[in-house]
Amino acid sequence: MTDLRWLHSAAAVFAVALTAACGSASTPAATSTATSAAGAPPASQAVGPQYDTVHVYVDAAQFDTFVNSWLATFGGTANPQGLADVTPTASQTKTQVILSPVGSISVFGFTTPIPYPFGSERTGWLTTDLDAGVKAARDAGAALIVAPFPDPIGRDAVLQFPGGVNAQLYWHTTTPHYPALATVPDNHVYLSPDSVDAFLRSYLDFTQGKVDSDTAAADGALIGKPGTTFRQIHLTSPYGNARIAVTDGQLPYPYGRELAGYQVSDVAATIAKATAAGAQVLVPAAKLGSTTSAMLQWPGGYVAEVHAG
């Protein structure tokens, strides 16, 4: 999927496309191949978390309503909306990039059937070198499920990590410049005990990330199961953050349906803004330890968690 890149043209850039700094960030110059010293780990192809967009698929009829609701909740800017074929086989979708302080998202509202396997990828990661990124991912044990394909202003590929976690890699022919995030969102990944170790090996190898915390008996209320415990792991990497929930798969709705968790300064104020803009509260705000969390659904169907603390 072309993600953000179709928005550029030869004449102009129509758009500027999931950390502590303010203003704009510059990316390394794009390259066509990557090399590393013999025996050294491959260089990371990551650019930065503000370039890693959560892929949000919404009903095309509610596309504008979703965009406006998201901006009313979190602030930020929306790049010009377009209608494009953004997959390697024929399709058409409304598409728009939203840059908000809590994370960047790419919004898709298909007006045709969605070609397989698009819609299953949770995020798009900008790379400095797509081929080197694909090789690094495959060497780390990820599967290439959509081979690299060209788009009007770059190239794309889709990977699958152990446990069935899909992510898109993309590359720009023209180096983009996106504003840094105020906070970095967490990708919410739900895995089984059978798949988590293979996922961690592959994901951490590719992303060159680290485990910040690994709690063997986290409060089950965090996944809608008070009175139980589960393993919770938090990762950080140049590609952003991830929160891994290792469960038996017996989860009440909407847990497991959310793609990301967004850090805010005030959960109650965020809920007030969201509901005023048409969002629904799926899980009311609750304080668990030092963290207050809630689950919301925006017009168009996107489900996400918000938290403070």
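**Figure 1. Length of helix 1 in the predicted model, residues 63-74.** Helix 1 has twelve residues and should span 16 Å at 1.5 Å a residue, which agrees with the 17 Å between its end C-alpha atoms. The expected span is 1.5 Å times one less than the number of residues. Helices (H or I, at least four residues) and strands (E, at least two) are DSSP runs, numbered from the N terminus.

**Figure 2. The buried face of helix 1.** Phe63, Phe66, Val67, Ser69, Trp70, Thr73 and Phe74 are the buried residues of helix 1; buried means under 20% relative accessible area, with a 1.4 Å probe and protein chains only. Seen down the helix axis, these residues fall within an arc of 165 degrees, so they line one face of helix 1. The arc is taken from the directions from the helix axis to the C-beta atoms. Just after helix 1, Gly75 has a positive phi of about 80 degrees.

**Figure 3. Gly220 in its loop.** The loop that holds Gly220 runs between strand 11 (210-219) and strand 12 (229-237). Gly220 counts as buried because its relative accessibility is 0%. Leaving out residues up to four places away in sequence, Gly220 touches Lys225, Pro226, Thr228, Thr229 and Phe230; contact means heavy atoms within 4.5 Å.

**Notes.** Residues are numbered from 1 along each chain as its sequence is written, and side-chain values use heavy atoms, without hydrogens and water.

How values were computed: This is a predicted model: local features need pLDDT of at least 70, side-chain atom pairs count only at pLDDT 80 or more; totals for chains, interfaces and linings use all residues. Buried means under 20% relative accessible area, exposed over 50%, partly exposed in between (1.4 Å probe, protein chains only).
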